[in-house]
Amino acid sequence: MTTIPANLQAVRDRIERALAAASRPAGAVSLLAVSKTWPAERVSEAAAAGQRAFGENYVQEGVDKIRALAGLELEWHFIGPLQSNKSRSVAEHFDWVHSLDRLKLAERLSSQRPPQRAPLNVCIQVNVSGEASKSGVAPDEVGPLAHAVAGLPGLRLRGLMCIPEPDGGEALLRARFRLLGTISEALHGQGLVLDTLSMGMSHDLELAIAEGSTLVRVGTAIFGTRTVVEKPA
Ligand SMILES: *Cc1c(COP(=O)(O)O)cnc(C)c1O
């Protein structure tokens, strides 16, 4: 017997409790189910339990699942590191990219987005952990990139994403999440309309929600511990 429906319900309950604890409105956080390494059958089970949005880290694996499950009309988010030479598949098949970290990639995704599809929703990934992390844009480089991305016709800039280093403890995690919110507010002040703070995973979603997350990316707490060795992107 699958436990995916029960796990999903437990995660939804955690989200709503965290929102209440932060005096934020119910429903203010959406749940992205991270299905990387899990087969399409597990995604179908989650979809049958009401989950619509799924996150993938590897281009070919994601595209295979999108094709296999096309009839379910799910929403697909690319959340892993993205090489420029794989951008076309992402532009053609996904609905969102959370890991945008350079203008060249943004320009490729914009020009490769099929014109009959809605613009690709994107979040800029920010390196909120300084030298403790290599992925993402440095905080002081987010503004120029955000303004450039906002002008690309094939993209719709939705917000910011971060993955803090996991081992720093609660206070540090909260400070990292808070920094993403501060950067987002600064962009609002410059006239950019953003509605997404993509932050929080299985182990830290409560802290992220306390700091203003609007979208949590949750894998393990829904599908279980990944046993497949993760491939490099
Ligand atoms: C794998 C992954 C997640 C989900 O992590 P869990 O700890 O399994 O919840 C979230 N975001 C990104 C970018 C990931 O690569």
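Predicted model: local features only at pLDDT ≥ 70, side-chain atom pairs only at ≥ 80, totals over all residues.

Mentor: Residues are numbered from 1 along each chain as its sequence is written, and side-chain values use heavy atoms, with hydrogens and water left out.

Trainee: How much space lies in the largest pocket, and which residues lie nearest its centre?

Mentor: A pocket is an open set of points, on a 1 Å grid over the protein atoms alone, where a 1.4 Å probe fits, with protein on both sides within 12 Å along at least five of seven lines; lining residues have an atom within 4 Å of a point. Its volume is the space filled by probe spheres set on the points, which are joined across faces, edges and corners. Here the largest pocket holds about 530 Å³, and of its 25 lining residues, Lys36, Asn57, Ile79, Ile163 and Met201 lie nearest the centre.

Trainee: How do the residues of that lining divide?

Mentor: Ala, Val, Leu, Ile, Met, Phe, Trp, Tyr, Cys and Pro count as nonpolar, Asp, Glu, Lys and Arg as charged, and the others, Gly among them, as polar. On that basis the lining has nine nonpolar, ten polar and six charged residues.

Trainee: What is the volume of the second largest pocket, and which elements each supply at least two residues of its lining?

Mentor: The second largest pocket has a volume of about 210 Å³, and Val29, Ser30, Leu31, Leu32 and Gln51 are the closest to its centre among 14 lining residues. Helices (H or I, at least four residues) and strands (E, at least two) are DSSP runs numbered from the N terminus; α1 (4-21), β1 (30-34) and β3 (75-78) each supply at least two residues of this lining.

Trainee: How many salt bridges does the structure hold?

Mentor: A salt bridge is a side-chain nitrogen of Lys or Arg within 4 Å of a carboxyl oxygen of Asp or Glu, and the structure holds eleven. One of them joins Arg14 to Glu206, with the closest N and O atoms 2.8 Å apart; this pair links distant parts of the chain, from helix α1 to helix α8, 192 residues apart.

Trainee: Are Arg176 and Glu165 buried or exposed?

Mentor: Buried means under 20% relative accessible area, exposed over 50%, and partly exposed in between (1.4 Å probe, protein chains only). Both Arg176 and Glu165 are buried, and they form a salt bridge with the closest N and O atoms 2.7 Å apart.
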